[in-house]
Amino acid sequence: MTTPDSSATPRSRLRTLVGVLASIVAGLIIGGALLAFVATTLLGFRVLDVASNSMAPALNRGDLILARPAPIDQVKQGDVIVFQEGQQTPVLVAHRVAAIDKYIVNATSKSTGETTSTTTVVLRTKGDANPQPDAQAVDAASYRGIVWLVIPGVGMPFLDYPVSQLFLDIAVITAVAWALYELIGPVRRRRARGRVGPASGADPSGG
């Protein structure tokens, strides 16, 4: 990256400024997309499109939601959670926690006689727009995380598209576009300088 000198024209200064800004924006997009890819692939974050209006008006069809990983015993009543529903054709659902049931199971060891207690948390959920609560309770096996961020309306174009793959695609496309800009820009400027004729103040006849 070059910096303009004192002899640079206003156009060249503007071109350099645009190049610097384009590099900064491209770097931010690439870094953010790669971070999102890692977070959704390795760290347990989930980005989902809302495919129905069962949670309207809090969530509407076409909204994009980000769910963060959290232990099920940290969930509070009123939280909107993501959980898996169905066995043969499982889908991810985002509904609000209407009630929390806790069961304490005591187990006594036959060898030592020591009794240990285990607490099992089960979540009862309901869509805000649904008249009835969900029939199936959410246990630790089907629970996936707490909704952390909602971006209204931007998820519709990406329904049924793997979101983690989308982040990777954005990073790759931006990187390729940035590389082409950095390669083609200097070539075009050299060609433009080669087409420049004699200075306007010169007399080509020598008179």
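## Asp 101 and Arg 124

Let's start with Asp 101, which is partly exposed, its relative accessible area being 22%. This is a predicted model, so the values here come from computed coordinates. The partner of Asp 101 is Arg 124: their side chains form a salt bridge, with 2.9 Å from N to O. Asp 101 sits in strand S4 and Arg 124 in strand S5, so this pair links distant parts of the chain, 23 residues apart. Arg 124 also counts as partly exposed, at 35% relative accessibility.

## Asp 128 and Arg 96

Strand S4 (residues 91-108) also holds Arg 96, while Asp 128 lies in the loop between strand S5 (115-126) and strand S6 (143-151). A salt bridge joins the side chains of Asp 128 and Arg 96, at 2.8 Å from N to O. Because of where the two residues lie, the pair ties together parts that are 32 residues apart in sequence. As for accessibility, Asp 128 is partly exposed at 32%, and Arg 96 is partly exposed at 25%.

## Lys 76 and Asp 79

Here the two partners fall into separate accessibility classes. Lys 76 counts as exposed, with 52% relative accessibility, whereas Asp 79 is buried, at 17% relative accessible area. The two residues form a salt bridge in which the closest N and O atoms are 4.0 Å apart.

## The overall count

With this pair included, the count comes to three salt bridges.

Key. Residues are numbered from 1 along each chain as its sequence is written. This is a predicted model: local features need pLDDT of at least 70, side-chain atom pairs count only at pLDDT 80 or more; totals for chains, interfaces and linings use all residues. Side-chain values use heavy atoms; hydrogens and water are left out. Buried means under 20% relative accessible area, exposed over 50%, partly exposed in between (1.4 Å probe, protein chains only). Helices (H or I, at least four residues) and strands (E, at least two) are DSSP runs, numbered from the N terminus.
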